[in-house]
Amino acid sequence: MATAKNLVIVESPSKAKTIQKFLGSRYNVIASAGHLRDLPKSTLGIDMDNDFEPKYINVRGKADLIKSIKKEAKSAGKIYLATDPDREGEAISWHLCGLLGIEPERAYRVVFPEITKTAVLEGIKNSRPIDMNLVNAQQGRRVMDRIAGYEISPVLWSKIGKGLSAGRVQSAALKIICDREREIEDFTADEYWVISADLTKQTGTQVQQKKNTFNAVLASKKGRKVELKCKEDSDKVLAALKDGDYVVSKLEESETSKRPYAPYTTSTMQQDAANKLNFSPTKTMMLAQQLYQGISVKGHGTTGLITYMRTDSVRISDEADAACKAYIAEEYGREYLGNNRYSNKAGAAQDAHEAIRPSHMDMVPEDVKDSLTPEQYKLYKLIWSRFVASRMKPALYNSVSAEIENSGYIFKARGSTLKFQGYQRAYSDGSKEDKDKALPPLETGEVLKLVDLNGEQKFTQPPSRFTEASLIKEMEENGIGRPSTYATIVNTLTTKRYVAKEKKSLMPTDLGEKITYVIMEPYFKELVDVSFTANMESELDKVEEGKLRWQNVVGDYYNGYLKDELVKARSEVEKLVTAPEYIGEDCPDCGQPLVKKNGKFGSFIACSNYPKCRYTRTIIVGTGVPCPKCGNEIIVKRSRKGKTFYGCSGYPECDQVYWYKPVDKKCPKCGSLLVERGKKLVCSGENCSYSEAKKPE
């Protein structure tokens, strides 16, 4: 009689194919394709009166797959649950136990930190029971997020429009973006001036002098910092410097080092891929998943190229460290071997996995390039380079700082040259520091020749808008969200049009600002508070560590805060529900009265006989400001991404637009229209920095 095959259940069909090749014919590897049981979509699905008990159901559309898995399990020998090695994967394995009638403590749960033959065989060899702490941490998050989403979203529908959603982390991230936009709008630019001198050595040919020219910036006078607030200040100093000599008064030489970065965590990989490769977080995670699950590589077969891509840890195994250092010694020389130490920001709950690194040091990016798509190759090369660099010595620079005096004024100049490339042989972060900025050879007391002296007007700059990369960094630093959620949160904000992406910058739409400042901040202040959200994450981490019951964390959240806030919010919103707002016109299609309605993207006119009559039209809101190009009125418009802007009513003949509301007043400097930005009026002219305080209405 033939021995029954062992069954291995993974999440991804492509991963199933890779693992099947490693395990051979004695095993049958199949995929669950994600969750098979989950909370229902149509109802809350949580028994609020019974310790927040979740009411799981089989996922719609997966009945045939569940039936197939049960059939395979019946005739199997051992059943190995090999879903992803994180909270979500642990929960999927636990749900599989429920479907297949397996006691969680008797389950054969296996995890693969990387999809290589060695790691897979080792994982099968070292199976364990289901880790209920991991499962409970996932359940706590799922239940908490479901309550927040399903209980708060109807408040948004009542006040703003159907189809909107709130979320425990999503709403806090949206408020970060909205608050930054307010900072930018309220920012008042201050004028200041910078004086700099282009200097060179007195001796040498004209070509040599040009080569030896360097820039020095005015810093101080008699030990006090020089602050120039207007042109008059600048002109006075320039006059004082006109006839004096520029003498080298002080020279300091030193050796500086630049340490390599730690290998990637999920968030640092997403940030670097966004900055260097222009990949969205969602795209980065999709590509990383492919590299982890397995790629068919010529000469090696199908194998995973990187370790698991959802991690907060910078830890590396001893074996991987040794393999990488052997590669460095052979490729670059032993003098490049470093001894760097990196520590995790997060606690032990987030250290379940290694950092993201290559699975095989013999699969150099260039050697496997033909087996990868161009985008897979770019990400793999980035991960490879960062990991190799983390095991190398720092880069060393010879640095020189010089002080040059004229009439009591001190100018400062700095220069550096690369002395030892170190980790930069493998990886460059692209910073300006990496480029040589050498000063010519100087001596104390040397008199320099002035090439050019100039005073430049500058203005203080508002804080920058967040990019996807900087938002993820902000979320990580504030402790909101986790590696598995960063990409999803950023993607949700943009796909739901709460945030618009202009080039790389994230700007809140009118809808996003309404959600934040009309509903979330007034009624659910704690939910959008970063420290409150971070504390909830910390409490859920304690569940994973076995220190808290997830039901207690959810109970404290709901009964201690959210329940009362929901009662107040619903009561306030009910007061705002009014009778239809008739506009005094009849529908041109059916003759019934027209009414003003609120929709997802603002107010509009509609027929009161809806749904029998579907007549609608937009509301044209004027500004009373004539277009400077053609004289037609500037009106309020909305972009395809939901952002309000102001454009000429004569479009398409006239294409004049403004991102901020214009006023009927011209700039006294250049004649362009002034626009409202927070508490001030600023010039709309591209190269004009004029601003004035806005008069109170």
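Predicted model: local features only at pLDDT ≥ 70, side-chain atom pairs only at ≥ 80, totals over all residues.

Is Arg549 buried, partly exposed or exposed, and what is its relative accessibility?

Guide: Arg549 counts as partly exposed, at 41% relative accessibility. Its salt-bridge partner is Asp51, and the closest N and O atoms of the two are 2.8 Å apart. Asp51 sits in the loop between strand S4 (46-47) and strand S5 (53-54), while Arg549 belongs to the loop between helix H17 (530-544) and helix H18 (550-576), so this contact ties together parts that are 498 residues apart in sequence. Asp51 is partly exposed too, with a relative accessible area of 37%.

From here we can turn to other salt bridges, of which the whole structure holds 36.

Another salt bridge brings Arg386 and Asp272 together, at 3.4 Å from N to O. Here the link runs between helices: Arg386 is in helix H13 (residues 374-390) and Asp272 in helix H9 (residues 266-277), 114 residues apart. Arg386 is buried, with a relative accessible area of 8%, and Asp272 is buried as well, at 10%. Salt bridges also form a network, which connects Arg87, Arg141, Asp145, Arg168, Arg482, Glu537, Asp541 and Glu544.

Now for the aromatic side chains. The structure has 15 aromatic pairs. In one of them, the ring centres of Tyr27 and Tyr80 are 6.2 Å apart with the planes at 45°, so the pair is tilted. Tyr27 counts as buried at 10% relative accessibility, and Tyr80 counts as buried at 4%. Phe645 and Trp659 make a tilted pair as well, at 5.7 Å centre to centre and 55° between the planes. Phe645 lies in strand S26 (residues 644-648) and Trp659 in the loop between strand S27 (657-658) and S28, so the pair ties together parts 14 residues apart in sequence. Phe645 is buried at 17% relative accessibility, whereas Trp659 is partly exposed at 42%.

Ring pairs also build a cluster from Tyr327, Tyr332, Tyr336, Tyr380, Trp384 and Phe420. Over the face of Tyr336 lies Arg425, 5.2 Å from the ring centre. Arg182 likewise lies over the face of Tyr517, at 3.4 Å from the ring centre.

Let us finish with a sheet. Strands S28, S29, S30 and S31 follow one another in that order in an open sheet of four strands, with antiparallel pairing. Strand S28 (662-666) and strand S31 (691-693) are at the edges with a single partner strand each, so one side of each has no neighbour in the sheet. On average, neighbouring strands of this sheet are turned by 35° against each other, direction ignored. Strand S30 (residues 680-683) pairs with S31 in the antiparallel sense over three bridges, and Lys680 has Ala693 in S31 as its bridge partner.

Key: Residues numbered from 1 in each chain as written. Heavy atoms only, no water. Salt bridge = Lys/Arg side-chain N within 4 Å of Asp/Glu carboxyl O. Helix = DSSP H or I, 4+ residues; strand = E, 2+ residues; numbered from the N terminus. Buried < 20%, exposed > 50% of the residue type's maximum accessible area, 1.4 Å probe, protein only. Pairing = 2+ DSSP bridges. Axes fitted to C-alpha atoms, helices over the stretch in contact; angles between N-to-C directions. Phe/Tyr/Trp six-rings, centres within 6.5 Å; stacked < 30°, edge-to-face > 60°. Lys NZ or Arg CZ within 6 Å of the ring centre and 35° of its normal.
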